[in-house]
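Dear colleague,

I am passing on the structure shown below for your review. A short account of the findings follows it.

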Amino acid sequence: MSTRAQLPFAFARDHQVVLSEGALVAGPEATPTGLREALRRAFDAPVDFTQLDADAFQDRLMAAYQGNGQDAPEEVEAQDSVVLDDSSLEAPPTDLLDTGSDAPVIRLVNHFLRRAVEAQASDLHVEPHEGGLRARIRVDGTLQTIYDRAGAPARRVISRLKVMAGLDIAETRLPQDGHIALRYGGRSIDVRVSTLPGNYGERVVMRVLDKTAGLMPLADLGLRPAQVAELEALSAAPHGIVLAAGPTGAGKTTTLYSLLKLANQAERNILTVEDPIEYDLPGINQSQIHAEIGLTFAAGLRAALRQDPDIILVGEIRDQETSSVAAQAALTGHLVFSSVHANSSVAAIIRLRDLGLEDYLIAATVRAIIAQRLLRQLCPACRRAAPPDAVARAAFDAVEMSPPAEVFHAEGCPECNGSGYAGRAGIYEIATVTDALRAAIDEGAPEQRLKALALTPQQTLLGEALRLVSAGTTDFREVARVVGTSP
């Protein structure tokens with residue numbers, strides 16, 4: 001028996017058959033016709049096959065087809081494992097998509113998207129420059145170049161992306177926003193597209209969201225047991241506001257979703273107002289805002305309050321109107337989860353003041369603020385130990401922690417592509433609003449006084465980050481890059 005070429009992905013997916021380790025594997029919906037055709041295509045002689053349940057077959061299918069991310073773009077097969085969802089594609093202009101000369105452009109765009117999905121990238125950047133076109137993906141918070149070539153058909157690549165996102169390809173002078181719905185195997189991928197005119201043409205940045213990704217329990221997010229217990233108590237509270245604070249990409253939404261999942265009980269009505277809806281949450285009613293037609297966070301929150309909710313998640317508090325409605329919701333017996341862009345937990349209180357929320361309303365409604373960051377973890381294969389330098393020892397002293405005898409730092413090896421890091425770990429600064437802190441907020445106390453009442457030095461983001469340095473999980477250079485060196 002001799003094995004022929006791999007089955008085309010679309011055939012394997014549709015007929016529920018896949019070649020795995022030289023044998024034929026079938027899913028629960030495989031038909032005799034599909035099996036016969038697969039055998040004809042793949043083998044010179046009859047062979048037995050194994051039949052798996054739906055989940056096991058899906059895992060085998062993905063393992064067989066997702067390992068081609070390093071292929072050169074010109075060698076990518078037209079039958080790619082990233083497939084444009086028919087529901088998101090309007091009838092395209094024939095001169096862009098239906099001509100043979102554009103087929104390589106379609107394959108190149110699919111290659112970019114596939115690389116982003118397989119690398120679990122958060123963003124994909126496509127950037128024309130004077131010499132051609134560059135594509136980069138953001139993995140673990142840093143950008144990696146996956147394509148940079150002179151003479152690349154930059155305008156046609158950008159046009160292809162704009163058509164997929166439903167944007168106006170004739171308008172190249174103004175920024176535009178859209179989205180692309182993709183399928184990757186059985187997974188649903190939502191890509192948020194933003195264009196911006198530049199010197200050498202429009203650059204496109206895409207946020208990649210795997211809507212079917214499983215949510216992790218709180219303990220798996222990097223929270224310490226005491227912090228998990230604190231958040232479990234907050235998710236069971238009858239009313240108030242729980243905020244997640246941090247910059248874009250810090251994992252705020254993931255934390256809020258995990259809290260929602262923890263609070264998701266049959267006797268509670270949970271609604272969300274989001275932009276975008278990042279994950280599908282079974283049993284929870286999720287709504288997408290559309291600011292262009294007037295459905296803003298504030299309008300969505302007001303509408304949600306008329307739906308008899310127990311818990312409401314508001315994607316972000318970014319203006320006075322949303323903050324005011326959220327405070328009124330908390331005062332009338334609802335538990336509100338939301339996020340705010342602030343550098344620390346106490347800075348979120350200052351941010352609410354800046355948005356126009358009165359001190360007495362902040363004191364009466366906010367129950368806790370979770371500030372967080374994501375730190376790259378050291379590659380276990382190439383990390384190296386050394387005594388901490390003077391700057392690192394000073395940082396440990398600042399948070400009243402004893403510096404360890406040795407700390408690890410990144411070296412770089414083939415296993416981590418020379419970066420020295422592999423994966424990320426979360427750090428969390430949780431400020432629970434106690435009676436003393438509530439009184440200080442009501443009095444309009446400054447940030448430093450609020451911080452002294454809310455947190456010990458070890459509970460700050462720097463303190464939590466240095467715990468990971470002591471444990472050898474990350475290095476001080478990464479802590480300084482993400483958190484800084486002062487508490």
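Two strands are counted as paired if DSSP finds at least two bridges between them. The model is predicted, and in it three strands form an open sheet with the order β1-β2-β3 and mixed pairing. Its edge strands, β1 (17–20) and β3 (49–51), each pair on one side only. From one strand to the next, the twist averages 30°. Strands β1 and β2 (residues 23–26) run antiparallel and are joined by four bridges; S20 has A23 of β2 as its bridge partner.

Strand β5 (residues 123–129) runs antiparallel to β6, with seven bridges between them, and a hairpin of two residues connects β5 to β6. Strand β7 (residues 142–150) is also antiparallel to β6, joined to it by eight bridges. R138 of β6 stands opposite D123 and has L143 in β7 as a bridge partner. In the hairpin of β6 and β7, which has two residues between the strands, D140 takes a positive phi near 55°.

Beyond its neighbours within four places in sequence, I362 is in contact with I349, L352, R353, L357 and I441.

With kind regards

Definitions and conventions. Residues are numbered from 1 along each chain as its sequence is written. This is a predicted model: local features need pLDDT of at least 70, side-chain atom pairs count only at pLDDT 80 or more; totals for chains, interfaces and linings use all residues. Side-chain values use heavy atoms; hydrogens and water are left out. Contact means heavy atoms within 4.5 Å. Axes are lines fitted to C-alpha atoms, for helices over the stretch in contact, and angles run from 0 to 180 degrees between N-to-C directions.
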